[in-house]
Protein chains: 2
Amino acid sequence: MPAADRRQQIVDVAAELFSQKGFSGTMTKEIADRVGVSEAIIFRHFESKEALYSAILDYKVRQTAEQIQEHLKQAESRKDDFAFFRTLAFDLLEMYRNDPTLMRLLMFSGLEGHKLSEIFFESTMNEVRMLLRRYVAQRIEDGTFRKIDPIIASRAFGGMIVHQVFVWTLYKDDMERSSAELADQFTELFLTGVRMTNHK
Amino acid sequence: MPAADRRQQIVDVAAELFSQKGFSGTMTKEIADRVGVSEAIIFRHFESKEALYSAILDYKVRQTAEQIQEHLKQAESRKDDFAFFRTLAFDLLEMYRNDPTLMRLLMFSGLEGHKLSEIFFESTMNEVRMLLRRYVAQRIEDGTFRKIDPIIASRAFGGMIVHQVFVWTLYKDDMERSSAELADQFTELFLTGVRMTNHK
DNA sequence: TTGTGGTATGTTAGTGCTAACTTACTTCAT
DNA sequence: ATGAAGTAAGTTAGCACTAACATACCACAA
């Protein structure tokens, strides 16, 4: 098998394992076995276990960052408030639902204090936060939203989404709701909550 | 030092370490050093590292469960909606803020699939969820709240709170807001969002 | 065509260290 | 002098990582 393919294969398998058991809970031997190859091969492609872990996070973080950028653009192009928030919510929910490994990797590495996850939170996630804050601030100026704290309001909305992902990630969920339903209801609740009361 | 005291001391120190680095990231030697005692002492008090970990989770989970019960009771005794939700939000925010180790332990053990954290999520946290759902359902029946899905609405409110805790736990926060401010705004946003629009 | 070297991909069988856990012994208060 | 509290010094197993060797494939000069 050509080197590039094998490398990618190792990354895929290892991502799965690291996301299940964290960095120190995963053994290189196990990765090798799962790939169906001897342990030495791992170390031909990656300098160390640490380097492999970084490569995985880097890969996942890049991939996710791209997707999120896309979604942000799409959301920004929406003209009405409902479409804006609902698109954002739906896309993020779907993204994590389709790839649960990402959230687990981010949580593990966040807890373990790995740099790449910090970078992710401080760059990509920050863009999401900022977009939300700007949007809310703008609508307050417009007089459409009440005079709330845009930072807290943004966090409230983000919280609904992230927490749902959190629940999906950590426990077997006790409610069966589609991303669409959740996005609809979260958005409606939020918009009703922040709009001027005399507004339709 | 009497056995009971030493035991408690070990639990305290180990809780701190496990919450910082997870189960497999923490070494028994390190715990012993931090306690200022030889490693063998750890194993006189606990059968294994695993047993120590379970003891810690058990201790923390019980302690937290009690606190939460209290808070739920207090919240339930509140007559008006604002007081109910705001009390719940504030108490939970403060609880985790005062003891960040708990959230980290729960997250680590949740990710690692430890039983006790499952139990916690399925018993104590479930009570919180159920209380919220019942309350919301009741208010919908009363005609005070709009005909929303009580389960989703509860999750939305819970999400605001838990996510805030999540942010405090994982990243240096970029916003400085007190639990009181957050509780106020979350509650107001939520209540405005779910109430009948023609209601004051 | 064929032999020859070179390179890429792989394996086996370690090495050395670390970390959980143990044993055999010491100290000391009652 | 007995039992509770503690220690020093292992033992064992596992894990990251490596060295040495094996095989397949390919380019190309004879």
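Student: In which helix does E127(B) lie, and what makes that stretch a helix?

Tutor: E127(B) lies in helix α8 of chain B, residues 124-142. Helices (H or I, at least four residues) and strands (E, at least two) are DSSP runs, numbered from the N terminus. This is a predicted model, in which local features need pLDDT of at least 70, side-chain atom pairs count only at pLDDT 80 or more, and totals for chains, interfaces and linings use all residues. Residues are numbered from 1 along each chain as its sequence is written, while chains are lettered from A and ligands numbered from 1 in the order in which they are written.

Student: Why is E127(B) called partly exposed?

Tutor: A residue is buried if 20 or more other C-beta atoms, placed from the backbone, lie within 10 Å of its own, exposed if 12 or fewer, and partly exposed in between. E127(B) has 13 such atoms within 10 Å, and therefore it is partly exposed. E127(B) and A75(B) are 52 residues apart in sequence, and their C-alpha atoms are 13 Å apart in space.

Student: Which residues of α10(B) are buried, and against what do they pack?

Tutor: The buried residues of α10(B) include L182(B), F186(B), F190(B) and V194(B). They pack against α8 (150-170) and α9 (179-194) of chain A, together with α5 (81-98) and α9 (150-170) of chain B.

Student: How do you know that the span of α10(B) is close to the expected one?

Tutor: The expected span is 1.5 Å times one less than the number of residues. Helix α10 of chain B, residues 179-194, has 16 residues and reaches 22 Å from its first C-alpha to its last, close to the expected 22 Å.

Student: Which residues touch the most other members of the largest nonpolar core?

Tutor: A nonpolar core is a set of buried Ala, Val, Leu, Ile, Met, Phe, Trp, Tyr and Cys residues joined through C-beta atoms within 7 Å. The largest one has 106 residues, and A89(A), F186(A), A89(B) and F186(B) touch the most other members.

Student: With which residues is A89(A) in contact, and what makes a contact?

Tutor: Two residues are in contact if their C-beta atoms, placed from the backbone, lie within 7 Å. Leaving aside neighbours within four places in sequence, A89(A) is in contact with I161(A), A183(A), F186(A) and T187(A).

Student: How many residues of each chain take part in the contact between chains A and B?

Tutor: Chain B gives 37 residues and chain A gives 37 residues. On the side of chain B, α6 (100-112), α9 and α10 each supply at least two residues. The largest share, 13 residues, comes from α9(B).

Student: How do you know that the two copies are related as by a two-fold rotation axis?

Tutor: Copies are superposed by least squares on the C-alpha atoms of residues with pLDDT of at least 70 in both. A rotation of 180° with 0.0 Å of shift along its axis superposes chain B on chain A, with an RMSD of 0.1 Å. The two copies are therefore related as by a two-fold rotation axis. Among the residues of chain B, G193(B) comes closest to that axis, its C-alpha lying at 1.8 Å.
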